[in-house]
Amino acid sequence: MTANTSDSVQNVLVLGGSYGGLHAATLLAQKLPPSHRVILIERNTHFNHLYVFPRFMVVPGHEHKAFVPCTSIYASAPTRSTSKFHLQELAGDTASVTANYTDTSAISLRSSEKNVPFDAPSMERAIIEDHNSLVDTKNKNERAGLEVADVTGLVQGLNVTNEAESTDPYNNAEPHLFVCGEVLDIHDSYVTVRQHGPTLAGTQTSDSFKDSTSRKHLWTIDAIHIPYSHLIYALGSHMPEPLRHDSYTKKDGIHWMKDYQQRVHESNEIIIVGGGALGVEMATDIKSLANREGLQKKVTLIHSRQQLLPNFDPQIHEVALKRLKELGVNVILGHRLAMTEGCPMGSTITPMDKGISNDATAPDGITPVQGSRRQRIRTTLGLELECDMLLLCTGQQPNSEIMARFSPSSVSRHSRLVRVLPSLQVMVPQDHDALQQPFDTVPPCKDCDCFLDKKSAGASMDMSAELESMPAHFSNIYAIGDVADAFGALNAGYQAWFMAEVAVENILRDILRVKSTEDMSERLSDDQPVPLKHFKPGPPLLKLSLGLNVTATQGAPQPDESKPGKPMRPTVTVSNEPEDMDVALVWKSMANMDTSDMML
């Protein structure tokens, strides 16, 4: 089912620019031959570093650091020297547009004029930095803006030759791209993408942007079709409610985060549902900040099980519970929200005692308190509590609906995860296993652990028998990260990172016709099968914030010297950490960004 693009360029598409997708795009740019280029398609203009969100949504002053520019993700790739002249020719005579592919993402063009010809013929939308705002040091807090320009020609390929003679095979290669938009559909040979317009950016759209779009017919084309030879599906998962936001620009993301900080500050009684990493981190950060500021803030953490973070070693539970109690968090274990309907994903909920009645309680166990903004919750064991702010840190679900529309049998109807081979190629099982269409993007269950349960259950999968006959699969489509049913790999950035490396290696082997990219001296003939690398999940690792400046870490298993026979057990340590959680390290490692100005 491999699809070819034009004779001039082959596109390797990466859908989703989080931990796995961003790493995959970066590696592909470094290693693809001149005949191919990578196009990363991501809804956000900046990489959202989700691991710092719980802290920065509570503690003010660091919110801008959570959104990392993607303008340097291709900096280490071989220079693709498409000339300034041809870019000007593409954009039209009324604008001066330049691009430096040696130190910036190819799609992130810098404009020397504000009036870029948005409605130029044969153009589509992409990101363009507002150069003037980037150098405005007087208003540093408002420098997170990006403009959107039409650059369909870049997606289609310039098809130019450099007049200067060169022995560099990349001299006339098409540039790698970063396209900001929403993936609508996958097809056998192309992907449909709707690029963002200012109406989707929230209320913080720049005046210059509004002026430009009022003069130009920028939004007359709703979607573009981008062909591909290979595709990596890395759309991750739908986050729990506290982490969801509609904004896609850094400026709007900062405003959303500041609003959240204010809500937390103004709330005196906060209930957090879910004792996973997100719930524990938000509970400890909120309470430790309140203690530091001398505020009498009541924080309650409700978890459906007796062990916090049940997918990790019990030592983590012990450390987290001790810290929560030290800070004064009220911890309630073994309670779920009272729901009249069970979890649609298969998790069980004990019915409420019929002897306890409350006609005002809603089916989901959450009820507004009349005459106030407070909410009342009720658990399956009959406990009733009220709060000013309710944080539902559960209900994470795989973002697999686009794959399900394209290939229904590739998505498990039980877990909604995308089925993959050990090579991470997407499987195509028999139709009787197909997921029924359509299905809800996010199930109505508000207190659900089943996604993580079923993800970890994949560790017991044995593919050896199936691999003997090689089950039906897409040879050119891969799935990585949270959305992939990858043999027990937990939802974690490092797991997605390693999956990206396996998928990229296999794509490169296929394109280059080699047994391994480490030794490309021996090329395979067209009739020889390409040996593919297999992904093996790493052990569960964890870095858990337990309030300001305190972090617990679960490392790789080591022999336990205190036990007979020295059984292997994960190492758990507690250490101090800066308030901003060393976020600068991620700017450098994930996006190759200079951290001297983190407002970009």
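This dialogue goes through several features of a predicted model and how to read them.

Q: What does the chain contain, and how many helices and strands are there?
A: A count of elements is a plain way to start. The chain has 14 helices and 30 strands. Of its 600 residues, 56% are buried. Contacts also say something about how the chain is put together. Among contacts with a separation of 6 or more, 71% are between residues 24 or more positions apart.

Q: What is the mean pLDDT of the chain, and which elements have the lowest and highest values?
A: Where pLDDT is low, the predicted coordinates should not be read in detail. For this chain the mean pLDDT is 77, and 68% of the residues reach 70 or more. Strand β6 (residues 109-111) has the lowest mean among the elements, at 30, while strand β12 (residues 230-233) has the highest, at 98. Residues 1-6 have pLDDT below 50, and this stretch makes 20 contacts in the model beyond near neighbours in sequence. Residues 159-165 are also below 50, with 10 contacts counted in that way.

Q: In what order do the strands of the open sheet stand, and what is the sense of their pairing?
A: To read a sheet, list its strands in spatial order and then look at the directions. Here three strands form an open sheet, ordered β28-β29-β30, with antiparallel pairing. Strands β28 (542-545) and β30 (568-576) are at the edges; each has a single partner strand, so one side of each lacks a neighbour in the sheet. On average, neighbouring strands in this sheet are turned by 25° against each other, direction ignored.

Q: How many bridges join β28 and β29, and what packs on the sheet?
A: A pair of strands can be followed bridge by bridge. Strand β28 pairs with β29 (residues 550-559) in the antiparallel sense over four bridges. Within this part of the sheet, lysine 543 is opposite threonine 553 of β29. Helix α9 (residues 314-327) packs on the sheet and touches β28, β29 and β30. The direction of α9 makes about 25° with that of β30.

Q: Where is threonine 573, and which residues does it touch?
A: Threonine 573 belongs to strand β30. Its relative accessibility is 44%, so threonine 573 counts as partly exposed. Leaving aside residues up to four places away in sequence, threonine 573 touches Thr551, Ala552 and Thr553. Sequence distance and spatial distance can be compared for threonine 573 and isoleucine 316: they are 257 residues apart in sequence, and their C-alpha atoms are 9.1 Å apart.

Q: Which way do the residues of strand β20 point, and what does β20 pair with?
A: Look at the side chains along the strand, then at the partner. In β20 (residues 389-392), Met389 and Leu391 point one way and Leu390 and Leu392 the other way; all are buried. Strand β14 (residues 269-273) pairs with β20 in the parallel sense over four bridges. Isoleucine 271 is opposite leucine 390 of β20.

Q: How does the span of α13 agree with its number of residues, and how many of them are buried?
A: A helix can be checked by its length. At 1.5 Å a residue, the 20 residues of α13 should span 28 Å, and the end C-alpha atoms are 28 Å apart, which agrees. In α13, 15 of the 20 residues are buried, so this helix is largely enclosed by the rest of the structure.

Q: Where does lysine 566 lie, and what is its phi?
A: Lysine 566 lies in the loop between β29 and β30. Lysine 566 is not a glycine, yet its phi is positive, at about 50°. With a relative accessible area of 46%, lysine 566 is partly exposed.

Q: Is histidine 238 buried or exposed, and which side chain does it contact?
A: Accessibility and polar contacts can be read together. Histidine 238 is in strand β13 (residues 237-238). At 17% relative accessibility, histidine 238 counts as buried. The side chains of histidine 238 and glutamate 401 are joined by a polar contact of 3.0 Å.

Conventions:
Residues numbered from 1 in each chain as written. Predicted model: local features only at pLDDT ≥ 70, side-chain atom pairs only at ≥ 80, totals over all residues. Heavy atoms only, no water. Pairing = 2+ DSSP bridges. Helix = DSSP H or I, 4+ residues; strand = E, 2+ residues; numbered from the N terminus. Axes fitted to C-alpha atoms, helices over the stretch in contact; angles between N-to-C directions. Contact = heavy atoms within 4.5 Å. Buried < 20%, exposed > 50% of the residue type's maximum accessible area, 1.4 Å probe, protein only. Polar contact = N/O pair within 3.5 Å; in protein donor to acceptor, adjacent residues only side chain to side chain. pLDDT = per-residue confidence, 0-100. Expected span 1.5 Å × (residues − 1).
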